[in-house]
Each structure stands twice: as C-alpha cells, then as structure tokens.
Amino acid sequence: MDGRSEFLCGVVEGFYGRPWSMEQRKVLFQWMQRWELNTYLYGPKDDLKHRLLWREVYSPEEEGQLRTLIVESEKRGLRFVYSLSPGQDIVFSSSCDLSLLKRKLRQVSKLGCQAFAILFDDIDHSLCQADSQAFSSFAHAQVSVANEIYRFLGEPPVFLFCPTEYCGSLCSPSVSKSPYLMTVGEDLLPNISIIWTGSKVISRELSVEGLSEVQSVLQRPPLVWDNLHANDYDSRRLFLGPFKGRYPQLATQLRGLLLNPNCEFEANYIPLHTLGTWYRTGREEKKDEEYQYCPEMALSTALHDWMGELSQPLQPGRQSRQADQRSSGQKSRTLESENCHPTTKEGRPKPPREPPQGDSPPPSSPEGEEGVWRGEKEGRSEAGDGEEREKKLHNNQFQQGPGQPMGPGGVLCVGKAPLSESQIRLLVGLHYLPHEHGPSAQRLLQDLTWLKEHCHLVSANDKKGPPQKAEEWRGRAAGFLGVCEEIAALHSSVVSGVSKAVLYDLYPYVWDLRNTALVAKAFICWLDGRVLSDSSPLGSWRNCFHWCGTTTGAELLGVESEPWVFKGGVSGELQMLLPIGSNSELFSHPPPLFPTSRLYNIRPYHNKDKVELYCMVRQLQQRAQGSPDSSPAHPDLIGDRCLGPCLALCPEYSMVLEDELGVCGCVLGVVDVRSFAKRCQSCWMPAMRDKYPPRTGHANSQEVLQQIEEDQGEYPDSLLYHFPSQLRLDALPDLVDVSVTRCLLTALLTALKANDIASMV
C-alpha cells in the first residue's frame with residue numbers, strides 16, 4: 001500500500017511510562033480496524049532499545065515479538081511505523097554511530113516493517129565538539145543523518161522526522177522566524193514528513209492559520225502528533241473525553257494525525273473511537289458539505305459502544321499485564337517488559353503508574369468469567385468486633401445470592417455488573433480533557449466555590465441573616481453533597497462492576513477523586529451552623545479563587561499555560577478550593593493494596609454517635625488486651641476516658657468515619673491543650689466523679705478515674721510551646737482502605753484551618 005498520498009490517521013504509542021503489552025497492542029489493532037484508522041507508530045519513550053539503548057539490536061525473542069506485531073497490523077489493514085530516538089547521545093558526525101543506526105533499522109526492516117520515523121524530540125540543542133566542527137548548526141546535523149537514513153532504507157513511502165522544535169512554543173524566536181525550522185524545511189528531503197504538535201506541546205485547538213504558517217516554513221504539510229489525551233505528565237489525571245478542537249477540514253493542511261493517548265490502555269476507548277469518527281467525517285465532508293463532526297454526538301455513540309464493551313467477558317490475554325504477571329509468579333521476558341525503564345520527560349527515574357497488585361485470582365474465579373475476584377478482604381469477623389456488627393457483615397457478604405464463589409479466607413468473588421450509563425457519563429465528565437471539564441466536574445467546582453464564598457449565610461455568627469438565603473445555601477449544599485455521593489458510588493461500582501483490566505487502569509484515578517470528595521463533603525457539612533472566628537480566612541479567599549468550572553486550573557495561571565503547570569485535574573482543583581489545599585502531602589499517597597467497593601463517609605460528630613464511638617473504642621481496648629471487657633457494669637468507662645472529654649468540651653472539632661456497617665473511626669481535635677486541661681478539671685472531672693462514685697466499690701472504675709486524672713495532667717511548657725494542640729485518631733484496624741483514615745484526619749485539619757487555627761496544620 002502506497003502511503004505517499006494517503007492521509008495517515010491513527011495512534012502513536014509515544015508516551016513516557018510503562019509501554020503497553022503485546023496483547024494490548026493486538027486489541028488496539030482490532031479497535032483501529034473497527035474504527036477505520038490506518039496507522040500505528042511504535043515509539044514508547046521507556047522502551048530502552050527505542051531511546052536510551054537505541055544502538056543495541058533486538059534479541060531473537062524480541063525480534064519474534066516485533067514480527068508478530070507487524071504481521072498483526074498488516075492483517076488488520078494498518079501501517080506499522082517503527083520509530084527510533086537516538087537524539088540523547090548520538091554523535092552526528094560519527095560513522096560508527098551512523099552504522100549502528102543503520103544496523104538497527106535494517107534489522108527491523110527485515111522483519112517486514114516498511115515505514116519508519118526518526119525522532120529528535122525532548123533533547124538538548126547543544127552539539128558535541130566533534131559535531132560542532134562537522135556541522136554549521138544543530139538542524140544541519142539532524143537533517144544530514146535523517147536524509148542518509150532515508151536513502152539507506154530505499155526511500156520508503158512513509159518516513160517521519162520529529163524536530164526538536166516540534167511546536168510553536170518551542171520555536172525561537174517564533175515559528176516563521178526560527179532558523180532551526182527554516183533549515184529543516186529547506187534541507188530535509190521533500191518526501192520526508194515532519195511531525196508537529198501545534199502551538200503547544202498539548203494544543204487545545206489546531207487552527208488553519210497556525211498550520212498554514214508551519215506548512216510554509218517546513219515547505220510541506222506537517223503530520224500532527226496529537227497529545228490531546230496524553231497524561232504522562234500528571235499522575236492524577238486521566239482523559240476520557242472526545243477528540244475535540246480539530247476540525248475535519250484541517251486534513252487538507254496535514255500529512256496525517258496520530259493521537260498519543262493515555263498511558264492506561266483501557267482508558268483510550270472513547271478517545272480512539274471519537275478519533276475514528278472524526279477521520280470518517282472528514283472523508284464524508286468531501287462528498288457532503290452538510291456532514292460535520294460533532295464531538296458531543298461522537299461521545300454519545302462512543303459511550304453507548306463502551307457500555308457494550310464493558311459488559312462483555314474479558315478476552316483471552318486482555319487482563320492487565322501487572323495482574324497477569326503477578327498471578328503467574330514471574331516476570332515475562334517480553335519486548336515491553338524487559339526493555340522498560342520508566343523516566344520522566346526530564347530523564348529522571350519515574351515510579352510505575354500501575355496500581356498496586358492484589359493477590360492472584362483463585363481457581364474458582366478465572367479471568368474472563370462472570371465471577372471476578374476482587375481481593376477485597378472486607379470482613380470484620382475477628383474476635384472483639386461485636387456480635388451485631390459481625391452479623392451485619394455476614395448478611396452483607398451473602399446478599400449477592402447463593403452460589404457466589406469464594407476466594408481464599410472466605411473472600412467473596414463479586415459478580416460483574418456493568419456500570420450504568422449515568423455512571424459512565426459521570427466518569428467521563430470528571431476525567432474529560434486537559435483544557436476542559438465535563439458537566440459533572442463543572443458543577444462540582446462551581447458549587448464548592450459558591451458554598452465557600454457564601455458560608456457566612458449559615459454561620460452561627462450571622463443570626464440576623466435572611467432565612468431564605470440560608471435555605472439557598474443548604475439547597476445548593478445538598479446538590480454538592482449529592483455529587484460527592486455519586487462519586488463514592490462510582491468508585492464502588494468501578495471496583496465491583498468492571499473487568500480486571502479496566503479496574504487496574506481506572507482505579508487509581510477514581511480512588512483519588514473519591515478521597516478528595518470525601519474531604520470536601522465533610523468540610524461542607526461542617527460549615528453548616530459553625531461559629532467561624534473573626535480571623536477566619538474563608539472571607540479573604542473569596543477573591544482568590546474564582547473557578548468558573550468550565551476551564552481548568554492551568555488556565556487561571558495564564559491562557560497560554562500547558563496543562564502540566566497546574567497538576568491534579570478535578571481532584572487537584574477541589575483540593576485547592578479547600579482551606580488546607582496547599583498541603584499537597586496530605587493528598588498524595590498511594591492507592592490501597594486491595595481495591596475495595598465498600599462505601600465510606602466522613603462527617604461532623606453528632607450526639608447520637610456517642611454510643612457507637614464508645615462501643616468502637618471498647619472493641620479496640622478488647623483487641624489490645626486480648627480479653628473480654630472486665631467491667632460490664634460500666635460499659636462507658638473506656639469511652640469516657642478516651643473520647644469523653646473531647647466530645648463533651650469541643651465537639652465542633654470531632655469527625656466521624658462510617659461505612660455501610662456503621663461507625664468505624666473518628667478523629668478528635670484539641671486546639672489548646674493547656675486551656676482544655678483546665679476545663680477538664682473544672683467541668684469534666686466533677687461529672688465523672690458523680691457518674692462513678694467511690695461508694696460503688698468497683699475498683700476498676702476508680703482505676704479509670706485515676707487514669708482520666710492523669711490524662712489531663714500538666715504537660716511541659718517546652719512541649720506545649722512547639723505543639724500546643726493535640727489530635728486523637730481511632731479506627732478499626734481491619735479497614736481495607738486505610739487511606740480513608742488519612743482523609744478523616746485531613747477533614748479535621750480542613751475545619752481547623754477554616755477557623756485560622758494554623759498551629760495544627
């Protein structure tokens with residue numbers, strides 16, 4: 001197939017991070033054939049033999065894998081483009097390096113590859129001393145090597161060149177006046193196509209004017225390497241939105257367009273589906289001018305098809321490579337695993353983006369069957385948990401119906417149930433595009449901004465305010481809390497209702513947003529009716545953050561900013577709207593080892609929680625002592641000692657963690673330990689002496705009273721000078737997702753910061 005005149009449209013695997021597996025690429029080729037895309041470019045930055053060790057040839061085993069991919073792509077009617085990135089350390093004037101480059105590409109050519117690319121992106125502009133003597137400029141050195149390689153390969157119909165100045169923002173001084181681009185345009189052989197990303201590395205839109213300008217300088221139509229859905233620059237962002245901001249009419253200005261998508265393979269269904277719609281629309285528009293591409297309509301079609309895809313049994317080999325290798329107990333020596341060396345764009349080592357692994361699936365729940373093991377280990381049936389809670393757990397485990405398979409240790413193998421259409425729309429809206437939020441994210445950010453700015457309407461300080469204003473605030477708060485609850489339910493459904501491959505790719509992002517929403521929800525609940533200090537920073541923040549919701553955080557820092565300037569996506573922007581948002585370490589922690597579908601909630605303490613909290617600390621005491629409660633006549637003793645003073649004297653700084661079975665944790669804050677101790681002596685201890693009088697004759701109660709006295713004893717001034725405040729956190733130790741206890745702590749710190757109590761934050 002001659003590619004000199006064909007518009008190249010498809011996928012470039014060119015991100016930083018763990019490359020896709022061989023099986024994932026085969027699934028990709030099936031998708032591309034289905035959606036009528038025609039080109040795949042192999043260029044994962046962290047394949048060592050693609051970039052860092054480009055001089056080394058592939059082993060026989062690796063040759064076999066490459067040949068398999070080339071054959072598979074041809075079988076699907078796709079063009080396989082092999083790329084190499086020698087720019088980090090090549091000596092352009094070295095005949096030895098040039099010979100090694102030819103040897104490597106000759107090896108790939110013998111495997112059946114007929115299309116190639118040489119990439120000089122993300123490298124230093126400087127030349128070594130030998131090259132400086134041999135070439136007049138950096139551009140001349142690159143062009144010389146590219147031209148020679150092109151001729152060596154027999155002038156293939158598809159040969160791509162990626163310049164170091166590959167977008168408008170990298171051109172010096174500008175696109176039209178860049179000496180580098182002028183040299184490339186003038187001296188690069190005319191049948192070599194040049195890669196371009198647009199005005200930015202990640203361009204919000206591609207304009208006819210911008211492409212015409214670069215086409216004039218390069219003296220040929222560019223091929224767009226589109227980073228619209230690339231997420232390798234931000235570990236908290238995922239892009240599930242439609243292909244957008246590129247009009248199909250642009251095809252006349254381009255050699256082609258290749259999308260560099262999310263690192264997580266399963267997250268790319270909608271981006272590639274809508275890219276196919278865009279490409280087909282461009283071809284149809286030549287026949288019918290009224291036939292136009294609509295991103296929203298393309299998204300609706302892709303959502304419908306993705307729902308069908310998610311409900312299908314997992315294809316053989318489709319499971320995530322991480323889980324497959326874990327279950328097999330060994331690391332396969334494959335092209336993508338053996339040569340993988342995760343780095344950032346700056347060349348620094350980068351941790352893998354994969355989520356933590358669970359245990360291997362039990363034989364009763366093989367991959368691809370309806371029962372998919374989740375590794376949740378959510379049971380709380382150990383000694384000391386309480387009969388009532390254990391009974392609830394037992395009923396909850398078996399409400400799925402008879403015949404559900406069980407994993408090791410009695411773990412329930414949850415049956416797959418597809419996500420609802422509303423949940424998938426919520427998922428996409430929360431993880432939309434780098435420059436634009438979806439409707440659900442817009443609403444979330446707009447509501448939180450408004451609620452924070454108008455929190456005075458429900459403050460206990462403002463007793464003379466019009467009641468209808470307070471009702472307006474509470475009505476909008478109810479809507480915000482509702483979206484937070486939908487996010488929690490989405491998290492639960494992703495864990496229990498999708499295939500393992502999709503779960504492992506989506507889970508870290510859904511989990512991260514769930515945690516931030518837990519804290520934000522608790523904060524809004526806390527604001528209602530609270531007394532805010534006169535120095536509270538909430539009022540001053542009113543003019544600091546005017547999030548309109550439709551744009552992203554990067555745009556607030558400058559219209560021309562790249563998306564990585566402000567990291568975190570919707571989760572990061574929610575975080576920055578919270579009083580403690582600048583403390584990133586509170587929000588940066590790894591996902592749990594075992595994904596759990598259990599629903600959690602964090603909220604302010606209410607008086608009705610006292611019984612359950614006392615029961616919880618009594619259970620913790622039993623667990624610590626390894627013996628039953630020694631004083632059944634006084635069940636409140638432990639609670640009165642551990643929690644009672646805080647719940648009685650400063651309940652406004654008490655937060656509760658609960659799950660589907662009830663209260664499972666709490667955090668209590670004491671702002672000023674010294675004054676709190678005085679209040680305990682004057683108020684709390686007399687009440688305790690009345691509750692547990694000496695004449696009852698219970699030695700244990702007298703011992704606890706003495707311990708309560710000691711707890712409220714004096715602290716050294718040197719300690720209180722540096723640490724004037726105190727926190728107490730209690731949680732059942734068998735929580736599967738321990739990150740919720742961190743969220744619990746963060747929720748309390750948020751409330752304290754809102755009242756300008758910075759000593760604890």
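Two strands count as paired here if DSSP finds at least two bridges between them. I am working from a predicted model, where local features need pLDDT of at least 70 and side-chain atom pairs count only at pLDDT 80 or more, while totals for chains, interfaces and linings use all residues. Residues are numbered from 1 along each chain as its sequence is written, and side-chain values use heavy atoms, with hydrogens and water left out.

**Entry 1: the whole chain**

I started with the overall tally. The chain has 25 helices and 12 strands (DSSP runs numbered from the N terminus: H or I for helices, at least four residues; E for strands, at least two). It has 761 residues, and 58% of them count as buried (under 20% relative accessible area; exposed is over 50%, partly exposed in between; 1.4 Å probe, protein chains only).

**Entry 2: the barrel**

Which strands make up the closed barrel? I traced 8 strands in the order β1-β2-β3-β4-β5-β6-β7-β8, with parallel pairing. From one strand to the next, the twist averages 25° (axes are lines fitted to C-alpha atoms, for helices over the stretch in contact; angles run from 0 to 180 degrees between N-to-C directions). I found helix α3 packed on this sheet, where it touches β3 (79–84) and β4 (115–119). The direction of α3 makes about 160° with that of β3.

Next I looked at β1 (residues 8–13) and β8 (residues 256–259), which pair in the parallel sense over 4 bridges. Val11 sits opposite Leu259 of β8.

Then I went to β6 (residues 193–196), which pairs with β7 in the parallel sense over 2 bridges. Ile195 has Leu223 of β7 as its bridge partner. Are the residues of β7 (223–226) buried or exposed? They are all buried: Leu223 and Trp225 point one way, Val224 and Asp226 the other way.

**Entry 3: Gln107 in α3**

I picked Gln107, which belongs to helix α3 (residues 95–110). Its relative accessible area is 10%, so Gln107 counts as buried. The side chains of Gln107 and Glu63 make a polar contact of 2.8 Å (N or O atoms within 3.5 Å; within protein, one must be able to donate a hydrogen and the other to accept it, and residues adjacent in sequence count only if both atoms are side-chain atoms). Leaving out residues up to four places away in sequence, Gln107 touches Val57, Tyr58 and Glu63.

**Entry 4**

I moved on to an open sheet of 4 strands, ordered β9-β10-β11-β12 and paired antiparallel. Its edge strands are β9 and β12 (726–731), since each pairs on one side only. Here the twist averages 15° from one strand to the next.

β9 and β10 (residues 654–659) run antiparallel and are joined by 5 bridges. Asn601 has Glu658 in β10 as its bridge partner. Helix α16 packs on this sheet and touches β9 and β10, its direction making about 25° with that of β9.

I also checked Pro604, which is in β9 (residues 600–604). Pro604 is buried because its relative accessible area is 3%. Pro604 and Pro651 are 47 residues apart along the chain, with 8.5 Å between their C-alpha atoms.

**Entry 5: Asp512 in α16**

Asp512 is in helix α16 (residues 500–527). Relative accessibility is 9%, so Asp512 counts as buried. What does Asp512 touch, not counting residues up to four places away in sequence? I found Arg236, Ser571 and Phe587. With Ser571, the side chain of Asp512 also makes a polar contact of 3.2 Å.

**Entry 6: cysteines**

I looked for disulfides (cysteine sulfur atoms within 2.5 Å) and the count is 0. Cys680 counts as buried because its relative accessibility is 0%.

Definitions and conventions
Contact = heavy atoms within 4.5 Å.
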